[in-house]
Amino acid sequence: MTQRVLVLNGPNLSRLGSREPDVYGATTYAELADLCVAVGAELGLDVEVRQTDDEAELVRWLHEAADGRLPVVLNPAAFTHYSYALRDACAQRTAALIEVHLSNPAAREEFRHTSVIAGVATGTIAGLGPRSYLLALRALVEDEG
Ligand code: DQA
């Protein structure tokens, strides 16, 4: 059976392509989503990509993943740095959860140096643009294998 994977994206990530391209690159959100689905399919994964600006919705999706034992690739965006609600939702995970970032938060403003998610994630991949997501998908396959 094809392994389902949720790729979940937090606030402002729908604006990739036009949002601070010097920081986040020129790839649009739609292109990033298509890339995740295509590379996922090559890896034998059934990838579903979602984005929300709403913390409560992201928490509900993490509950859904926990209940369904679904692996998750999560870019929590700004919630990374302060959302204990999101951290608590991630802590309930029942499968691998990989935190990803397009930019390298450690090389940016001080407030981005803290991730409240990292301590409950399987691992973190940051600073590689869309490749952060693709490497996370690859890591999930190796995890399953
Ligand atoms: C981000 C980094 C966060 O600090 C920022 O708030 C984002 C995007 C990234 O993918 O580089 O919205 O998660």
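How many nonpolar, polar and charged residues are there in the lining of the largest cavity? I counted by class and got 10 nonpolar, 1 polar and 1 charged. A reminder to myself before going further: this is a predicted model.

**Entry 1: the largest cavity**

I looked up the cavities of 30 Å³ or more and found 2 of them. The largest holds about 50 Å³ of space. I then listed its lining, which consists of L62, A65, A66, L70, V72, A89, C90, R93, T94, A95, A96 and L97. Two elements give two or more residues to this lining, namely α3 (55–68) and α4 (84–91). I also checked which element gives the most, and it is α3, with 3 residues. Going back to the classes, I noted R93 in the lining as the 1 charged residue, and T94 in the lining as the 1 polar one.

**Entry 2: the second largest cavity**

Next I turned to the second largest cavity, where I read a volume of about 30 Å³. Its lining is made up of L16, Y24, T27, L32, L102 and P130. I sorted these residues too, and they come to 5 nonpolar and 1 polar, with no charged residue.

**Entry 3: the ligand**

Then I asked where the ligand sits, and the space it takes is the largest pocket. Around the ligand I found R19, Y24, N75, A77, A78, H81, H101, L102, S103 and R112. By class, this shell divides into 4 nonpolar, 4 polar and 2 charged residues. I was pleased to meet Y24 and L102 again: they are among the residues around the ligand, and they are also among those lining the second largest cavity.

I looked at distances to oxygen atoms of the ligand. In the side chain of H81, an N or O atom is 2.7 Å from a ligand oxygen. For R112, a polar side-chain atom lies 2.9 Å from an oxygen atom of the ligand. At A78 the backbone takes part, with an N or O atom 3.2 Å from a ligand oxygen.

**Entry 4: for my own recall**

Which residue has a backbone atom 3.2 Å from an oxygen atom of the ligand? That one is A78.

Conventions
Residues numbered from 1 in each chain as written. Predicted model: local features only at pLDDT ≥ 70, side-chain atom pairs only at ≥ 80, totals over all residues. Heavy atoms only, no water. 1 Å grid on protein atoms, 1.4 Å probe; cavity = no way out; pocket = protein on both sides within 12 Å on 5 of 7 lines; lining within 4 Å. Points joined across faces, edges and corners; volume = space filled by probe spheres on them. Helix = DSSP H or I, 4+ residues; strand = E, 2+ residues; numbered from the N terminus. Near = heavy atom within 4 Å. Polar contact = N/O pair within 3.5 Å; in protein donor to acceptor, adjacent residues only side chain to side chain. Sits in = over half its atoms within 2 Å of the grid points.
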